[in-house]
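Please look over the sequence and the model shown here before reading on. The notes after them are meant for a reader who is new to this structure.

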Amino acid sequence: MSDPVLKLENIGRTFTQGQEKLLVLGKSTLLQIAGLLEPPTTGTVRIADIDCSKARDGKRTEVRRDKIGFVYQFHHLLPEFSALENVMMPNLIAGISKAQAKQKATELLEK
C-alpha cells in the first residue's frame with residue numbers, strides 16, 4: 001500500500017480580529033490549506049511526503065505545481081488562449097519546452 005499523496009494532521013487556522021484570536025477551520029479554509037494557498041497556524045500538511053506546513057511561499061508554489069493539481073469550483077480560464085494553451089500554461093511557466101508542454105496538455109485533455 002502506498003503512502004497518501006495528501007496528509008493533514010491536527011490542522012488549525014487562527015485569524016486575529018482586533019485583540020481577539022479566532023480559530024477558523026471551515027471547508028474553504030481547509031481547502032486553501034490543503035491546496036497550499038495558505039499555511040496552517042497549527043498542524044501538519046504533507047504532500048507526496050514533503051512537509052509543507054512551514055514552507056515559504058516559493059516552496060509551496062513548487063510543490064503545488066509539481067505534485068498536485070486542483071480545479072476551482074469556478075474556473076477562470078484565460079479567455080485569450082485556447083483550452084489547449086490554458087492547460088499548457090503551468091508547464092510553460094515551469095520552464096518546460098513548448099513542444100513538451102503541448103504534448104502533456106494534449107494527453108491530459110484526451111483523458
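Predicted model: local features only at pLDDT ≥ 70, side-chain atom pairs only at ≥ 80, totals over all residues.

Residues are numbered from 1 along each chain as its sequence is written, and side-chain values use heavy atoms, with hydrogens and water left out. The protein has 4 helices and 5 strands, where helices (H or I, at least four residues) and strands (E, at least two) are DSSP runs numbered from the N terminus.

**Overall make-up**

- Read from the N terminus, the elements follow the order β-β-β-α-β-β-α-α-α.
- The radius of gyration of the protein is 17 Å, whereas a compact globule of 111 residues would have a value near 13 Å; the radius is taken over C-alpha atoms, and the globule rule is 2.2 Å times the number of residues to the power 0.38.
- The C-alpha trace spans about 50 × 40 × 25 Å along its principal axes.
- Of the 111 residues, 21% are buried, a term that means under 20% relative accessible area, with exposed over 50% and partly exposed in between (1.4 Å probe, protein chains only).

- An open sheet of 3 strands has the order 1-4-5 with antiparallel pairing, and two strands pair if DSSP finds at least two bridges between them.
- Strand 1 (6–12) and strand 5 (50–51) each have a single partner strand and stand at the edges, so one side of each is left without a neighbour in the sheet.
- Strand 1 is joined to strand 4 (residues 42–47) by 5 bridges, and these strands run antiparallel; Glu-9 stands opposite Thr-44 in strand 4.

**The hairpin**

- Strand 2 (residues 14–17) and strand 3 (residues 20–23) run antiparallel and are joined by 4 bridges, with Phe-15 opposite Leu-22 in strand 3.
- The two strands form a hairpin with 2 residues between them, and Gly-18 in the turn has a positive phi of about 65 degrees.

**Helix 1 and its cover**

- Helix 1 (residues 27–34) lies across strand 1 and strand 4 and runs at about 130 degrees to strand 1; axes are lines fitted to C-alpha atoms, for helices over the stretch in contact, and angles run from 0 to 180 degrees between N-to-C directions.
- Thr-29, Ile-33 and Ala-34 are buried in helix 1. They cover an arc of only 130 degrees around the axis, which puts them on the same side of helix 1, the arc being that of the directions from the helix axis to the C-beta atoms.
- Strand 1 and strand 4 are included in what covers these buried residues, contact meaning heavy atoms within 4.5 Å.
- Lys-27, Ser-28 and Leu-31 are exposed on the other side of helix 1.

**Positive phi values and a later loop**

- Most residues other than glycine have a negative phi.
- Just after helix 1, Leu-36 takes a positive phi of about 60 degrees.
- In the loop between strand 4 and strand 5, Ala-48 has a positive phi near 50 degrees and counts as partly exposed at 34% relative accessibility.
- Asp-49, found in the loop between strand 4 and strand 5, has a positive phi near 65 degrees and counts as exposed at 53% relative accessibility.
- Ala-94 is found in the loop between helix 3 (83–93) and helix 4 (98–110), and counts as partly exposed at 33% relative accessibility.
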